[in-house]
Amino acid sequence: MAAAFAISGRSSAATDADIVIVGAGAAGIAAAQALRAAGRKPIVLEARGRVGGRAFTDNSLGPAYDAGAMFIHWAERNPWVQIARELRIETAEESWGGGFRVFANGRPMADADRRRRRDTFNQIDRRLETVDLAARDMSIAELLGDLGPDSAPVAASGLLLSIGEESSRISARDYQRLWSGDDLVIPSGYGDLVTRSAAGLDIRLNEPVEAIRWDGPSVTVASRSGELRANGCIVTVPVGVLKAGAIRFTPELPAATRDALTGLHMGALTKIAFRVEGDRFGLTPGASLLEAGAPERMMNFDMFPDGKDIVIGYCGGDYARKLSEAGTQEARAHVVDLLATMVGADFRKAVKAVSFPAWWTDPFSRGSYSVCDPGHENAREALAQPIGGRLVIAGEATAGGGAMTVGGATLAGRAAATALARLKA
Ligand SMILES: Cc1cc2nc3c(=O)[nH]c(=O)nc-3n(C[C@H](O)[C@H](O)[C@H](O)COP(=O)(O)OP(=O)(O)OC[C@H]3O[C@@H](n4cnc5c(N)ncnc54)[C@H](O)[C@@H]3O)c2cc1C
């Protein structure tokens, strides 16, 4: 990576800016809007050639689907319900009309095993009500430990599809405080809604930020096309990107911020989508098929949602990491084999194209969303603490109970803007 500042050999025209925001996902967009509403002039530098970050509606297969965020969680207080209303974009309740079937190794799961699975439902919630976490934090795996080695992994397996992570790496206290409520969807795409909400902002695409200097009377941000000297800076890149050292901070980040980053890591929820033409394999559009033969390799499939020629698989944790690292062709072969066993060999012929947004290996996300390690449940608040009065880290990771979500990222972006709006312009 080209080192910026003193060591950089390239010419870099310094430009005065008010507040620079790094990253044009939900947090960066919200911060920019809040600052603009307060009369400031934010500039957003975005590494990708598009805005939205992990909220991304993918049209590459023809029928659009949300490759990242799809649900407006805890809709009762989620700012995106109001934003959608203002932009006259329809929200809807998710339809579960297509039915739900459970498989084990590609075959319908035996009734006894299905019952055993069902009996483990709610075990996490039950233990969170009865186990006293006040004395110390623990992992969800430890919380479930007394269920025994057969049932505990089954009880925990749902976390692979919600948190995207193995239960041994999830803080029970952090999990307990996550907000819950009703879910809504955006039929035209959550990613598209986030993108549309950014209209009119000064966002500079294809500008990966490489270095930030924050010890002077201003903050200097170095990206592909040069340096911007600003009054303040809000960094909204995912925790995985910060931990990978993709941005060099000078001086290095304070110990408290580095400690906070140590206590957080990225989960690996991943989708793989296929364009599937012709046969519908006797399924009602919108059917949900769950492969749950091995709890650690759980995958859920949305079959022809809204009648579209598309099938979307989801998985998380180490299984998703392995598939991401294997690459699109291997992942496609593996998942098509699985679906051919589940719905019939003709599935192979019906698959026309694949899209594999492997967030785990994506250099600008390095995972799906932030997970708090057991014993580090204060990391989110610590990461959100302003640094040197001019620098703030924000994003879903700093959103407390709203962490891991687009709504949380938006609230965190607004809070960061409030923290910096006090700076002299
Ligand atoms: C598969 C999947 C499913 C999900 N499902 C849901 C869901 O249903 N509901 C929900 O609410 N949330 C969901 N999420 C989580 C949600 O997408 C994120 O929490 C949210 O979008 C994070 O917003 P953010 O602004 O914090 O980060 P991001 O959206 O990641 O934005 C950060 C931006 O920084 C940019 N960037 C990275 N590095 C640099 C750099 N060096 N220089 C400049 N820019 C850089 C990135 O390209 C990105 O645009 C899901 C995520 C995934 C991956």
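Figure 1. Pro251 is found in the loop that runs between strand 14 (248–250) and helix 11 (255–262). In this predicted model, the peptide bond from Thr250 to Pro251 is cis, with omega near -10 degrees. Most peptide bonds are trans, and most residues other than glycine have a negative phi.

**Figure 2. Two residues with positive phi, Trp74 and Arg88.** Trp74 lies in the loop between strand 5 and helix 2, and its phi is near 35 degrees, a positive value in a residue other than glycine. With a relative accessible area of 2%, Trp74 is buried. Arg88 follows helix 2 and is placed in the loop between helix 2 and strand 6 (92–93). The phi of Arg88 is also positive, near 55 degrees. Arg88 has a relative accessibility of 78% and therefore counts as exposed.

**Figure 3. The packing of helix 2 against helix 16.** Two packed helices are described by the angle between their axes and the distance between the axes. Helix 2 (residues 79–86) and helix 16 (residues 406–421) meet at an angle of about 90 degrees, with their axes 8 Å apart. Because angles of 65 to 115 degrees count as roughly perpendicular, the two helices are described as roughly perpendicular to each other. Helix 2 contributes Pro79, Trp80 and Ile83 to the contact, and helix 16 contributes Val406, Gly407, Thr410, Leu411 and Arg414. By class, five residues of this contact are nonpolar, two are polar and one is charged. The buried residues of helix 2 are Pro79, Trp80, Val81, Ile83 and Ala84. Their cover includes helix 1, strand 5 (71–72), strand 9 (184–185), helix 9 and helix 16.

**Figure 4. The largest nonpolar core and the surroundings of Val406.** This core has 38 residues, and those with the most contacts inside it are Ile72, Trp80, Tyr190, Ile234 and Val406. Strand 1 (15–22), helix 1 (26–37), helix 2, helix 9 (190–197) and helix 16 are the elements that each give two or more residues to the core. At least three residues come from each of domain 1 (5–52 + 198–266 + 369–421) and domain 2 (57–78 + 267–361). Apart from residues up to four places away in sequence, Val406 touches Ala26, Ala55, Ala69, Trp80, Tyr190 and Val194. A second, separate core of 32 residues includes Val22, Val209, Val221 and Ala397.

Figure 5. Arg48 is found in the loop between strand 2 (42–45) and strand 3 (57–58). Beyond its neighbours within four places in sequence, Arg48 is in contact with Gly53, Leu205, Asn206, Trp359, Asp362, Phe364 and Ser365. Ser218 lies in the loop between strand 11 (209–213) and strand 12 (219–223). Residues up to four places away in sequence aside, Ser218 touches Arg213, Arg229, Ala230 and Arg390.

**Figure 6. The contact between domain 1 and domain 3.** The domain assignment of the chain gives domain 1 (5–52 + 198–266 + 369–421), domain 2 (57–78 + 267–361) and domain 3 (115–177). The C-alpha centres of domain 1 and domain 3 lie 33 Å apart. Across the contact, 15 residues of domain 1 meet 13 residues of domain 3.

Note on methods
Residues are numbered from 1 along each chain as its sequence is written. This is a predicted model: local features need pLDDT of at least 70, side-chain atom pairs count only at pLDDT 80 or more; totals for chains, interfaces and linings use all residues. Side-chain values use heavy atoms; hydrogens and water are left out. Helices (H or I, at least four residues) and strands (E, at least two) are DSSP runs, numbered from the N terminus. Contact means heavy atoms within 4.5 Å. Axes are lines fitted to C-alpha atoms, for helices over the stretch in contact, and angles run from 0 to 180 degrees between N-to-C directions. Angles under 35 degrees count as roughly parallel, over 145 as roughly antiparallel, 65 to 115 as roughly perpendicular and the rest as oblique. Ala, Val, Leu, Ile, Met, Phe, Trp, Tyr, Cys and Pro count as nonpolar, Asp, Glu, Lys and Arg as charged, and the others, Gly among them, as polar. A nonpolar core is a set of buried Ala, Val, Leu, Ile, Met, Phe, Trp, Tyr and Cys residues joined through side-chain atoms within 4.5 Å. Buried means under 20% relative accessible area, exposed over 50%, partly exposed in between (1.4 Å probe, protein chains only). Domain bounds come from an automatic or database domain assignment.
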